[in-house]
Amino acid sequence: MSGGRPEERGAGVSGALPGDLVGRELPLGDWGEPAERLGEMYRWVEAGALRTAEWYLADRMWRRRVARGLRGGTAAGVVVGASLPLLDATGAVAGCAPWGYLALLLGAACAGVDRCFGLTSGWMRDLATAQAVQRRLQTLQFDWASESAREVLGPAEGTAGEAAERCLGILRRFSEDVTELVRAETSDWIQEFRGGRPPVTPPAPPPQRADPAPVSRYLTPPPGTRPNMPRQRPPDPR
């Protein structure tokens, strides 16, 4: 998962290995020259985004190679496992049916390893994240060019402080978007890793609703009144 210069990746963070995707120190500069300082900030943000996309592309390479090998093994195991018993049944190759069962077992093992370690889904996720970062970087480049052209061609809107604040807002929103892309990819990886495992604690049963009290067919009369007896039918004459 390495790419770029190792001294730039994972440097300055305790416990980080070369090639780890970690944060970077903000370069300190003199704001006496705001234009030069903003240009330096833009280059720092752009380099961070390129580094993030490079990390995902480098992580994708080995995952794709291993995943393709496992998927090829799965396909070969299924084909061989289905063919050998048929050849044995037709008498073309006698006694090859047990080897077909072994081939099916190896194919199922390859599919299980791929699914357990998330190799196929992992390299697809890395590629999608790298492309998303690159698209967002392209939007930043055009926004920054538009802001620079507006300040040069004029008329400038507001003071120089407001222009610097707008530029810093563009860079900040871009950095937050890239961080959100990385966080979403990490959340997907965690969810996929935990997907095949049972929950640690069983879900709580839903609260039981108390049955309503039975309603009497006859209403209780208010106190002080004589209850009305139901009218009875007279006996039939004989």
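Me: What covers the buried residues of helix H2?

Reply: In this predicted model, the cover over the buried residues of H2 includes helix H1, residues 34–90, and helix H3, residues 119–153.

Me: Which residues of H2 are buried, and why are they said to line one face of the helix?

Reply: The buried residues of H2 are Ala-97, Gly-100, Ala-103, Gly-107, Cys-110 and Asp-114. Seen down the axis of H2, these buried residues fall within an arc of 130 degrees, so they line one face of the helix. An α-helix has 3.6 residues a turn, and therefore residues three or four places apart point the same way.

Me: What makes Gly-100 count as buried, and what does Gly-100 touch?

Reply: Buried means under 20% relative accessible area, and because Gly-100 has 0% relative accessibility, it counts as buried. Leaving aside neighbours within four places in sequence, Gly-100 is in contact with Val-80, Gly-81, Leu-84 and Pro-85. The C-alpha atoms of Gly-100 and Val-78 are separated by 8.8 Å, although these two residues are 22 residues apart along the chain.

Me: Why is Trp-99 called exposed?

Reply: The cut-off for exposed is over 50% relative accessible area, and Trp-99, which lies in helix H2, is at 56% relative accessibility and so counts as exposed. Trp-99 also belongs to a nonpolar surface patch with Leu-102, Leu-105 and Leu-106, and together these residues have about 460 Å² of accessible area.

Me: Which exposed residues does H2 carry on the face turned away from its buried side?

Reply: That face of H2 carries Pro-98, Tyr-101, Leu-105, Leu-106, Cys-116 and Phe-117; of these, Leu-105 and Leu-106 are also members of the nonpolar patch.

Me: How do you know that the span of H2 is close to what is expected?

Reply: H2 has 21 residues and reaches 31 Å from its first C-alpha to its last, which is close to the 30 Å expected at 1.5 Å a residue. Just after H2, Gly-118 takes a positive phi of about 60 degrees.

Methods. Residues are numbered from 1 along each chain as its sequence is written. This is a predicted model: local features need pLDDT of at least 70, side-chain atom pairs count only at pLDDT 80 or more; totals for chains, interfaces and linings use all residues. Side-chain values use heavy atoms; hydrogens and water are left out. Patches are made of residues with over 30% relative accessible area and no salt bridge: like charges are joined within 9 Å, nonpolar side chains (Val, Leu, Ile, Met, Phe, Trp, Tyr) within 5 Å. Accessible areas come from the Shrake-Rupley method with a 1.4 Å probe; for residues, only the protein chains shown count as cover. A salt bridge is a side-chain nitrogen of Lys or Arg within 4 Å of a carboxyl oxygen of Asp or Glu. Helices (H or I, at least four residues) and strands (E, at least two) are DSSP runs, numbered from the N terminus. Buried means under 20% relative accessible area, exposed over 50%, partly exposed in between (1.4 Å probe, protein chains only). The expected span of a helix is 1.5 Å times one less than its number of residues. The arc is that of the directions from the helix axis to the C-beta atoms. Contact means heavy atoms within 4.5 Å.
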